[in-house]
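Dear colleague,

Please find the structure below, together with its sequence.

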Amino acid sequence: MIETHTSLLLVVIPLLAAPVTAILPNGRLPWLLTLAVSWLCFVLAIWQFMQVMDGSVISYELGGWEPPWGIEYRIDIVNAFVALIVAGMAAVTLPYALLSVEQEIPKDRISLFYATLLLCLDGLLGIAMTGDVFNLFVFLEISSLSSYTLISMGRQRKALTASYQYLIMGTIGATFLLIGIGLIYSETGSLNMVDLNNRLPAVFEHRTVHTAFAFIVVGVGLKLAMFPLHLWLPNAYTYAPSAVTVFLAATATKVAVYVMLRMVFNVFSTGFAYVTPTDDMFLLLGVFGVVFASISAIGQKDAKRLLAYSSVAQIGYILLGIGFASALGLTAAVVHIFNHALMKAALFMAVGALVYRIGSSHITQIRGLGRQMPWTFGALVIAGLSLIGVPGTAGFISKWYLVLAAIEQQAWVIAIVILAGSLLAVIYIWKLVEALFFQPAIDDTKSVREAPLSLLVPTWILVLANIYFGLNTELTVNAATIAVQVLENIPQ
Amino acid sequence: MDFIFGHYNYWIVIILMMAGFYTVISRGNLIKKITGLNIFQTSVFLLYISIGNVEGGTTPIIAEGVEQYSNPLPHVLILTAIVVGVATTALGLALVVRIREEYGTIEEEDIHKQDESL
């Protein structure tokens with residue numbers, strides 16, 4: 001009974017909890033409810049993941065309407081994997097959020113803040129669950145609108161302009177997606193992903209389908225911060241409250257990548273991307289993204305902004321994996337979605353802990369703090385090593401598969417770019433390490449205490465996860481391999 | 001000629017879409033940007049409604065003597081999209097209000113200048 005409803009519960013529980021949270025009195029109660037909901041979702045997501053781990057598919061018909069007429073939630077391993085990442089990151093971020101949010105958000109807005117966070121979680125989970133392209137657009141807008149609100153709650157006034165900028169670009173992206181969906185509907189008369197996959201090949205030559213494809217790729221590209229459509233991301237991540245940055249950096253762009261994979265490979269079927277120059281475009285933009293964003297990251301003076309640019313670079317790696325158009329490349333992309341969520345969340349958490357203590361993430365302000373906050377510093381170093389891709393960390397696994405995929409295609413230039421990107425990552429992570437550890441503190445007389453436990457524990461959970469998934473690749477790589485078979489439509 | 005006049009609603013869609021998109025990109029006034037965004041979104045609503053129209057079809061209400069109906073689904077879809085559009089506009093305008101409270105201006109250039117002077 002409940003097995004069949006898991007997918008729906010994952011969407012309904014946060015959606016119902018959000019208004020309840022909004023009317024709770026400000027204080028710790030809204031946080032407690034949000035925490036409970038996110039942990040419940042995490043448990044459900046794990047359970048769901050176990051059920052589809054063997055490659056089976058759960059189909060849930062909303063309101064009992066048969067697909068393709070009704071909305072169908074169709075859970076295969078790809079959905080379940082993304083839902084697991086989203087729910088898992090929410091579950092780790094919320095314990096961290098308590099103190100960080102109390103410090104950064106005005107007291108009278110705390111319950112509204114958590115209500116919005118729940119809506120954002122709901123939107124992201126909904127995108128992961130749904131098997132209907134229009135439903136996907138609606139969930140995308142739920143998550144986007146709530147993330148604009150969350151970003152605008154940052155302490156500095158620049159958070160407002162960052163949020164506005166994101167709103168404009170995000171809405172253009174979502175509207176592009178809407179145009180694309182409308183055009184494929186006009187060609188096929190269907191909105192169900194599986195149904196579309198069956199109907200679209202018959203009309204592949206039509207120009208409408210090509211136009212739709214272009215609109216969808218660009219629209220989703222805006223959402224996932226594909227270079228050069230990434231301009232909203234650095235500001236949004238820099239000025240958002242720490243907990244929001246952690247959550248969004250770990251989930252929002254990853255879910256958008258999932259939408260891209262789903263649209264390109266399942267809705268339009270694999271062949272379409274290879275016939276059109278899409279795969280080459282992904283490679284080109286991936287290369288430019290890795291190089292340009294990594295170099296930009298080196299020049300940044302704010303630790304959060306530096307990491308935000310690094311996120312754009314990491315999206316570049318994922319795009320490279322997609323662009324290789326091979327099973328190995330896709331596996332690398334899917335593994336990197338997971339691993340990047342782990343490392344970037346850990347890094348933003350460590351920087352958030354610095355912000356919690358000194359109120360700034362500017363590189364001149366954080367000088368010398370590494371010795372005063374050894375645990376935070378340690379977390380930052382290990383997560384940074386993972387970002388670089390040092391063996392023994394999660395980052396190494398995804399880079400390894402990516403390089404293998406490049407060698408398989410004999411794309412030597414791209415293999416070199418991947419390695420060069422790692423070297424650039426060494427430089428910008430070193431910049432943080434140097435400021436934190438090797439430069440004298442601004443004010444030697446003032447001692448800064450180590451971050452509180454409720455900030456450190458979630459950070460270290462993620463740091464240890466980075467090491468664990470770097471040593472034990474069974475879960476991630478196996479899941480990714482099966483996911484790639486689903487994406488490429490290989491019968492089980 | 002038939003191609004041009006037969007698809008006149010699509011031409012309107014394209015003109016509105018480009019006008020809105022251009023406004024978003026070219027204007028520095030935050031309210032005007034939102035207005036442009038609205039026009040841009042509205043053009044998509046028209047696109048969906050045009051798609052749903054069936055030649056010779058009537059309103060999709062069962063009536064005697066009528067056999068051809070327009071497709072109501074795109075219209076229903078666009079109702080949802082209109083709601084999303086309204087929410088986006090409301091949030092955008094709310095942000096503009098907050099920006100004006102903090103910066104005292106809603107011109108993009110002035111905001112940039114203030115941010116840089118810090």
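A polar contact is here a pair of N or O atoms within 3.5 Å; within protein, one must be able to donate a hydrogen and the other to accept it, and residues adjacent in sequence count only if both atoms are side-chain atoms. By that criterion, 6 residue pairs, both at pLDDT 80 or more, are in polar contact between chain B and chain A.

The model is predicted: local features need pLDDT of at least 70, side-chain atom pairs count only at pLDDT 80 or more, and totals for chains, interfaces and linings use all residues. Residues are numbered from 1 along each chain as its sequence is written, chains are lettered from A and ligands numbered from 1 in the order in which they are written, and side-chain values use heavy atoms, with hydrogens and water left out.

Interface

In chain B, 35 residues are in contact (heavy atoms within 4.5 Å) with 27 residues of chain A. The two chains bury about 2800 Å² between them, 80% of it on carbon and sulfur atoms; buried area is the accessible area (1.4 Å probe) that two parts lose on being put together, summed over both. Within chain B, the most area is lost to chain A by Tyr48(B), Leu91(B) and Leu95(B), together 18% of what that side buries.

Nonpolar core

The largest nonpolar core has 232 residues, of which Phe134(A) and Phe268(A) touch the most other members. Such a core is a set of buried Ala, Val, Leu, Ile, Met, Phe, Trp, Tyr and Cys residues joined through side-chain atoms within 4.5 Å, where buried means under 20% relative accessible area (1.4 Å probe, protein chains only). Residues up to four places away in sequence aside, Phe268(A) touches, among others, Ile184(A), Leu200(A), Phe204(A) and Met263(A).

Two serines

Is Ser361(A) buried or exposed (over 50% relative accessible area)? Ser361(A) counts as buried because its relative accessibility is 8%. Its side chain is joined to that of Asp302(A) by a polar contact of 2.8 Å. Leaving aside neighbours within four places in sequence, the contacts of Ser361(A) also include Lys304(A), Val351(A) and Ile366(A).

Ser398(A) is buried as well, with a relative accessible area of 2%. The side chain of Ser398(A) reaches the backbone oxygen of Gly395(A) at 3.4 Å. Beyond four places in sequence, Ser398(A) touches Ala332(A), Val335(A), His336(A) and Asn339(A).

Yours sincerely
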